Amino acid sequence: MTSRGVERTFEQELLELRTVNELIRTLISTLELPEILRIVLDRLKSLTQAEGLSLMLYDPERDELVFAATETMRENAVVGIRVPPSRSLVSWVARSGESAVVNDVQHDPRFYPEIDHVTLFETRNLLAVPFTRRGRVIGVLEVANRFGAGSFSDEDRTRLEEVARDGAEGCEPDSFCRDAEAMRRLLARAVTSVPSDAASLLLLDPAGRELVFRASRTIQPGVIDGLRLPTDRGIAGWVARHRQAVRLDDVAADPRHFTGVGTQTGLAPRTMICVPMISKQTLRGVIQVINKVDGSSFSEGELALAQTLADHAAIAIENASLYRQAYLASITDDLTGLGNTRHFHKSLAEAIARGRTVSLVLCDLDNFKAVVDRYGHLVGSHAIAQIGRSIGRRVRPGDVAARFGGDEFVIVLPDTDTAQARRLAESIRQSIESCDRLEGEDVDLSGVTASVGLATFPDHASNAESLFRQADAAMYAAKASGKNAVASAAKED
């Protein structure tokens with residue numbers, strides 16, 4: 001092995017060791033699952049330089065893998081778009097014949113943000129180098145967003161200039177434009193040499209005036225997030241069932257391969273690493289890495305490294321799950337499964353702090369004491385639980401329903417005016433009125449109804465405390481008018 005090869009191997013080993021250490025340090029600093037998934041994906045991306053990354057969580061109730069965090073390198077929509085000659089960083093590079101490193105594009109007047117609008121991409125930093133043949137600039141090669149939220153360096157510039165120099169050797173622009181595979185190899189080498197989220201090749205038009213995007217590839221996150229995969233399907237399903245890692249040099253030839261996911265991502269798997277995430281002998285999920293951008297196969301060393309990352313990720317996911325369970329227990333009413341008083345007060349304060357319209361519905365059961373007196377407290381608890389579930393089924397995503405205590409319920413309705421809140425309150429009142437029997441028991445609930453009051457911020461109150469008082473007063477007004485009714489608050493003086 002040459003001294004240069006030894007040096008690169010040593011650098012790679014140092015990078016892997018540093019990445020694992022950073023992963024461990026960062027994972028123990030958070031208990032938020034989305035943050036854990038992002039951290040793991042970023043570390044995998046910087047180490048494997050792959051075209052596709054998927055982190056799937058295991059759902060034991062349905063025996064399925066859920067794609068929770070994904071990134072896929074895809075051809076984007078800018079191919080064929082022309083860049084104005086007097087604008088953009090690439091135009092400056094083409095005119096000057098000099099490379100450019102910009103690590104804060106938002107404050108560089110040469111940045112051309114319209115391209116981000118087309119690609120739905122958010123450029124953070126850019127590195128662009130001239131694409132030169134026979135001493136004449138014929139285009140520009142650029143990469144965007146250094147992996148790991150890092151900055152482009154002078155070493156990155158030197159490496160990308162080498163890629164551009166090699167790619168331009170013997171290049172005839174007209175024929176090169178029609179050679180999709182040659183351009184794919186060029187961009188693959190660019191993001192391999194300088195790990196980045198996007199790479200593009202722009203060539204000057206025949207008149208030599210405007211740069212035209214001829215090839216462009218971007219890592220797109222979340223393409224298949226939420227997709228479910230049964231564990232009896234695909235290579236990832238096999239890994240989940242057998243809890244064994246696999247490394248494949250020819251995915252298409254493997255009988256376990258399932259083409260359905262590739263159809264949705266637009267990425268045809270050629271090579272793959274797939275490893276299980278296991279903590280305390282419990283399957284937490286699967287990590288799948290597809291296609292190295294340079295076209296080579298994954299090594300056994302990369303497989304071992306992916307498994308190391310998966311082992312640490314599994315522990316972090318387990319800790320996040322335990323934390324989430326403890327947090328939910330602290331804000332949940334045991335009897336109804338709705339929020340508790342603590343959760344209600346926090347949610348109402350946060351909703352009002354946002355400064356937008358918030359409605360509050362307060363519901364008090366009528367004649368409930370008669371049920372307790374006749375059937376006992378245990379039946380009363382079962383009835384409260386049944387009514388709480390009925391309320392929970394009627395609230396919308398983003399609403400917060402809670403048991404306030406005894407036989408009172410509250411519902412926080414963000415971005416909801418009085419008219420909308422009244423319709424929801426009436427729906428809840430009707431559902432309680434129609435609940436005449438206790439499920440599974442011979443208990444008469446036909447006499448139980450609800451008096452409901454509602455108030456809206458800022459129409460009826462200027463803060464959380466006064467909003468609650470106004471809704472409470474409206475609820476007592478409904479009771480005074482004969483019960484089983486909905487009443488709105490009066491305007492605050």
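Modeller: A residue counts as buried when its relative accessible area is under 20%. This structure is a predicted model. Let us start with strand β8.

Colleague: What makes you say that strand β8 is largely enclosed by the rest of the structure?

Modeller: Strand β8 covers residues 211-221, and eight of its 11 residues are buried. So β8 is largely enclosed by the rest of the structure.

Colleague: Which strand does β8 join over five bridges, and how do the two run?

Modeller: That is strand β2, residues 64-75, and the two run antiparallel. Met73 stands opposite Ile219 in β8.

Colleague: How do you know that β3 and β8 pair?

Modeller: Pairing needs at least two bridges between the strands. Strand β3, residues 82-83, has two bridges with β8, in the antiparallel sense, so it meets the cut-off. The bridge partner of Val83 is Leu211 in β8.

Colleague: And how many bridges join β7 to β8?

Modeller: Seven, with β7 (residues 196-204) and β8 running antiparallel. Leu202 has Phe213 in β8 as its bridge partner. Six residues lie between the strands of this hairpin, and there Gly208 takes a positive phi near 75°.

Colleague: Back to β2. Why is Glu71 called buried?

Modeller: Glu71 belongs to strand β2. Its relative accessible area is 13%. The cut-off is under 20%, so Glu71 is buried.

Colleague: What does Glu71 touch, not counting residues up to four places away in sequence?

Modeller: Leu41, Lys45, Glu51, Gly52, Leu53, Ile219, Gln220 and Pro221. Ile219 is also the residue in β8 that stands opposite Met73.

Colleague: Now strand β15. What makes it mostly covered?

Modeller: Seven of its seven residues, 408-414, are buried. Both faces are covered. Glu408, Val410, Val412 and Pro414 are on one side. Phe409, Ile411 and Leu413 are on the other.

Colleague: How many bridges join β14 to β15?

Modeller: Five, and β14 (residues 400-405) runs antiparallel to β15. Ala402 stands opposite Val410. The hairpin of β14 and β15 has two residues between the strands, and Gly406 takes a positive phi near 60° there.

Colleague: What makes strand β16 largely enclosed by the rest of the structure?

Modeller: Nine of the nine residues of β16, 449-457, are buried, so the rest of the structure largely encloses it. Thr449, Ser451, Gly453, Ala455 and Phe457 point one way. Ala450, Val452, Leu454 and Thr456 point the other way.

Colleague: Which strands does β16 pair with, and in which sense?

Modeller: Nine bridges join β13 to β16, running antiparallel. Asp364 has Ser451 in β16 as its bridge partner. With strand β17, residues 486-488, the sense is parallel, over three bridges. Gly453 stands opposite Ala487 in β17.

Colleague: Turn to the helices. At what angle do α11 and α15 pack?

Modeller: The angle between α11 (residues 341-353) and α15 (residues 464-480) is about 115°, with the axes 10 Å apart. The class from 65 to 115 degrees is roughly perpendicular, so α11 is roughly perpendicular to α15. The crossing is right-handed.

Colleague: Which residues meet there?

Modeller: Phe344, Leu348 and Ile352 in α11 meet Ala464, Leu467 and Phe468 in α15. By class, that contact has six nonpolar residues, no polar and no charged.

Colleague: What is the angle between α12 and α13, and what is the relation called?

Modeller: Helix α12 (residues 368-375) and helix α13 (residues 377-394) pack at about 140°, with axes 7 Å apart. Roughly antiparallel needs an angle over 145, and roughly perpendicular ends at 115. That makes α12 oblique to α13.

Colleague: How does the contact of α12 with α13 divide by class?

Modeller: Six nonpolar, two polar and no charged residues. Phe368, Val372 and Tyr375 in α12 meet His377, Val379, Gly380, Ala383 and Ile384 in α13. Gly counts as polar.

Notes:
Residues are numbered from 1 along each chain as its sequence is written. This is a predicted model: local features need pLDDT of at least 70, side-chain atom pairs count only at pLDDT 80 or more; totals for chains, interfaces and linings use all residues. Side-chain values use heavy atoms; hydrogens and water are left out. Axes are lines fitted to C-alpha atoms, for helices over the stretch in contact, and angles run from 0 to 180 degrees between N-to-C directions. Helices (H or I, at least four residues) and strands (E, at least two) are DSSP runs, numbered from the N terminus. Angles under 35 degrees count as roughly parallel, over 145 as roughly antiparallel, 65 to 115 as roughly perpendicular and the rest as oblique. A crossing is left-handed if the near helix is turned anticlockwise from the far one by less than a right angle, and right-handed if clockwise. Contact means heavy atoms within 4.5 Å. Buried means under 20% relative accessible area, exposed over 50%, partly exposed in between (1.4 Å probe, protein chains only).
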